[in-house]
Amino acid sequence: MLEDLAPGATLIADRAYDTNAIRELAAERGAWANIPPRSIRKGSFAFSGWVYRQRNLVERFFNRIKQFRGIATRYDRKPENFLAALQLASIRIWLAAI
């Protein structure tokens with residue numbers, strides 16, 4: 001996935017991916033790496049906590065989607081049926097949050 005980074009994109013990753021190689025690859029491609037620095041890291045990098053929290057919201061949404069057994073196991077083989085089940089589960093989660 002790192003090979004497909006577009007210029008101007010934002011790479012959001014966990015603290016475990018805080019390596020010089022990943023940061024340099026993102027910089028070569030013209031992308032910004034928003035990765036929280038590890039505690040042993042010397043020096044500082046630009047990091048946005050707000051952008052990182054948005055990543056967490058998306059990750060929690062996918063974890064909630066996985067609780068629906070038919071979606072997690074991809075019970076419906078037709079893409080149209082799978083998409084419909086995914087939309088229904090998303091609506092159900094959204095309504096529960098209101």
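Helix H2 comprises 17 residues and extends 25 Å from its first C-alpha to its last, close to the 24 Å expected at 1.5 Å a residue; the expected span is 1.5 Å times one less than the number of residues. Helices (H or I, at least four residues) and strands (E, at least two) are DSSP runs, numbered from the N terminus. The model is a predicted one, in which local features need pLDDT of at least 70 and side-chain atom pairs count only at pLDDT 80 or more, whereas totals for chains, interfaces and linings use all residues. Residues are numbered from 1 along each chain as its sequence is written, and side-chain values use heavy atoms, with hydrogens and water left out.

Val51, Tyr52, Arg55 and Ile65 are the buried residues reported for H2, where buried means under 20% relative accessible area, exposed over 50%, and partly exposed in between (1.4 Å probe, protein chains only). Seen down the axis of H2, the buried residues fall within an arc of 130°, so they line one face of the helix; the arc is that of the directions from the helix axis to the C-beta atoms. Trp50 and Arg53 are exposed on the face of H2 turned away from its buried side. The packing partners of the buried H2 residues are S1, S2, H3 and H4, with contact defined as heavy atoms within 4.5 Å.

Helix H4 (residues 79-97) has 19 residues and reaches 27 Å from first to last C-alpha, close to the 27 Å expected at 1.5 Å a residue. In H4, Phe82, Ala89 and Ile93 are buried. They cover an arc of only 40° around the axis, which puts them on the same side of H4. An α-helix has 3.6 residues a turn, so residues three or four places apart point the same way. Glu80, Leu88, Trp94 and Leu95 are exposed on the other side of H4. The buried residues of H4 pack against helix H2 (49-65) and helix H3 (69-72).

Asn34 lies in strand S2 (residues 32-34) and is buried, with a relative accessible area of 0%. Its side chain reaches the backbone nitrogen of Ser48 at 2.8 Å. This pair is judged as a polar contact, that is, a pair of N or O atoms within 3.5 Å; within protein, one must be able to donate a hydrogen and the other to accept it, and residues adjacent in sequence count only if both atoms are side-chain atoms. Not counting residues up to four places away in sequence, Asn34 touches Thr10, Leu11, Ile12, Ala13, Ala46, Phe47, Ser48, Val51 and Tyr52.

Gly8 is placed in the segment before strand S1 (10-12) and counts as exposed at 64% relative accessibility. With neighbours within four places in sequence left aside, Gly8 is in contact with Gly30 and Ala31. The C-alpha atoms of Gly8 and Arg29, 21 residues apart along the chain, are separated by 8.4 Å.

The protein chain has four helices and two strands, in the sequence pattern β-α-β-α-α-α. The radius of gyration of the protein chain is 18 Å, well over the 13 Å that the globule rule gives for 98 residues, so the chain is more spread out than a compact globule. The radius is taken over C-alpha atoms, and the globule rule is 2.2 Å times the number of residues to the power 0.38. Along its principal axes the C-alpha trace spans about 45 × 30 × 20 Å. Buried residues make up 23% of the 98 residues.
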